[in-house]
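Here is a short briefing on one chain.

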Amino acid sequence: MPFLFKWENAYDKHGNVVAEHDPNDPGGTTKYGIDQHSHPGVDVENLTREQALAIYKSDWDKWNIDAMPAGLGEVYFDAMENGGGDALLKQSGGDINRFLDLRADRFRSVAKSNPKLAGYLGGWLNRVEDLRRFVAPK
């Protein structure tokens, strides 16, 4: 969760996590990476950190991440939460670096085909590279 929260949180001037209302984000209102479109029954605007963690834990368990090899599970989980996990896992054959390369290519394709999302490309690519470092053997 520290990695996910690093990339998914917006903060106010006091350092508090706040909901984002980006008109270009197809997910709508988002807080802690939980978006209104994907979670219509959740009060995203007032979501707490604990509630977000419970949602992520439910997803982690549903996708059986604990059964995946270290590193690959984290990469797959992040992609499932941020788009394209199943297809990328299959295409990569479970190779972490291939998975991340494919994910970067997917982001480039999305940005090219949808100008409203092109502004996110730099952040998406930075996230992929940060994830690559995060899962690298220590």
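A residue counts as buried when its relative accessible area is under 20%, as exposed when over 50%, and as partly exposed in between. The model is predicted. At a relative accessible area of 7%, Phe3 is therefore buried. Phe134, at 41% relative accessibility, is partly exposed.

**Aromatic pairs**

- A ring pair is described by the distance of the centres and the angle of the planes.
- Rings count as paired here if their centres lie within 6.5 Å. By this rule there are eight aromatic pairs.
- Phe3 and Phe134 have ring centres 5.2 Å apart and planes at 40 degrees, so this pair is tilted.
- That pair links distant parts of the chain, with Phe3 in helix 1 (residues 2-8) and Phe134 in helix 6, 131 residues apart.
- Tyr56 and Phe77 form an edge-to-face pair, at 6.1 Å centre to centre and 70 degrees between the planes.
- This pair also links distant parts of the chain: Tyr56 sits in helix 2 (residues 49-62) and Phe77 in helix 3 (residues 72-82), 21 residues apart.
- Both Tyr56 and Phe77 are buried.
- Ring pairs join Phe5, Tyr32, Tyr56, Trp60, Trp63 and Phe77 into a cluster.

- Helix 3 is largely enclosed by the rest of the structure, because eight of its eleven residues are buried.
- Those buried residues are Leu72, Gly73, Val75, Tyr76, Phe77, Asp78, Ala79 and Glu81.
- Their cover includes helix 1, helix 2, helix 4 (85-92), helix 5 and helix 6.
- Leaving aside residues up to four places away in sequence, Phe77 touches Met1, Leu4, Tyr56, Asp59, Trp60, Trp63 and Ile65.

**The nonpolar core**

- In soluble globular proteins, nonpolar side chains tend to be buried together.
- The largest nonpolar core holds 32 residues. Ile34, Ile65, Phe77 and Phe99 have the most contacts inside this core.
- At least two core residues come from each of helix 1, helix 2, helix 3, helix 5 and helix 6.
- Helix 5 gives the largest share of this core, six residues.

**Helix 5 against helix 6**

- How do the axes of helix 5 and helix 6 cross? The axes of helix 5 (residues 96-113) and helix 6 (residues 121-135) come within 9 Å and cross at roughly 175 degrees.
- Angles over 145 degrees count as roughly antiparallel, so helix 5 is roughly antiparallel to helix 6.
- On the helix 5 side, the contact involves Ile96, Asn97, Leu100, Asp101, Arg103, Ala104, Phe107, Arg108, Val110 and Ala111.
- On the helix 6 side, the partners are Leu121, Trp124, Leu125, Arg127, Val128, Leu131, Arg132 and Val135.
- The residues of this contact divide into twelve nonpolar, one polar and five charged.

**Pro23, an exposed loop residue**

- Pro23 lies in the loop between strand 2 (17-18) and strand 3 (30-31).
- Its relative accessibility is 71%, so Pro23 counts as exposed.
- Pro23 and Trp63 are 40 residues apart in sequence and 30 Å apart in space, C-alpha to C-alpha.

Terms used
Residues are numbered from 1 along each chain as its sequence is written. This is a predicted model: local features need pLDDT of at least 70, side-chain atom pairs count only at pLDDT 80 or more; totals for chains, interfaces and linings use all residues. Side-chain values use heavy atoms; hydrogens and water are left out. Axes are lines fitted to C-alpha atoms, for helices over the stretch in contact, and angles run from 0 to 180 degrees between N-to-C directions. Helices (H or I, at least four residues) and strands (E, at least two) are DSSP runs, numbered from the N terminus. Angles under 35 degrees count as roughly parallel, over 145 as roughly antiparallel, 65 to 115 as roughly perpendicular and the rest as oblique. Contact means heavy atoms within 4.5 Å. Ala, Val, Leu, Ile, Met, Phe, Trp, Tyr, Cys and Pro count as nonpolar, Asp, Glu, Lys and Arg as charged, and the others, Gly among them, as polar. Rings of Phe, Tyr and Trp (its six-membered ring) pair if their centres lie within 6.5 Å; planes under 30 degrees apart count as stacked, over 60 as edge-to-face and the rest as tilted. Buried means under 20% relative accessible area, exposed over 50%, partly exposed in between (1.4 Å probe, protein chains only). A nonpolar core is a set of buried Ala, Val, Leu, Ile, Met, Phe, Trp, Tyr and Cys residues joined through side-chain atoms within 4.5 Å.
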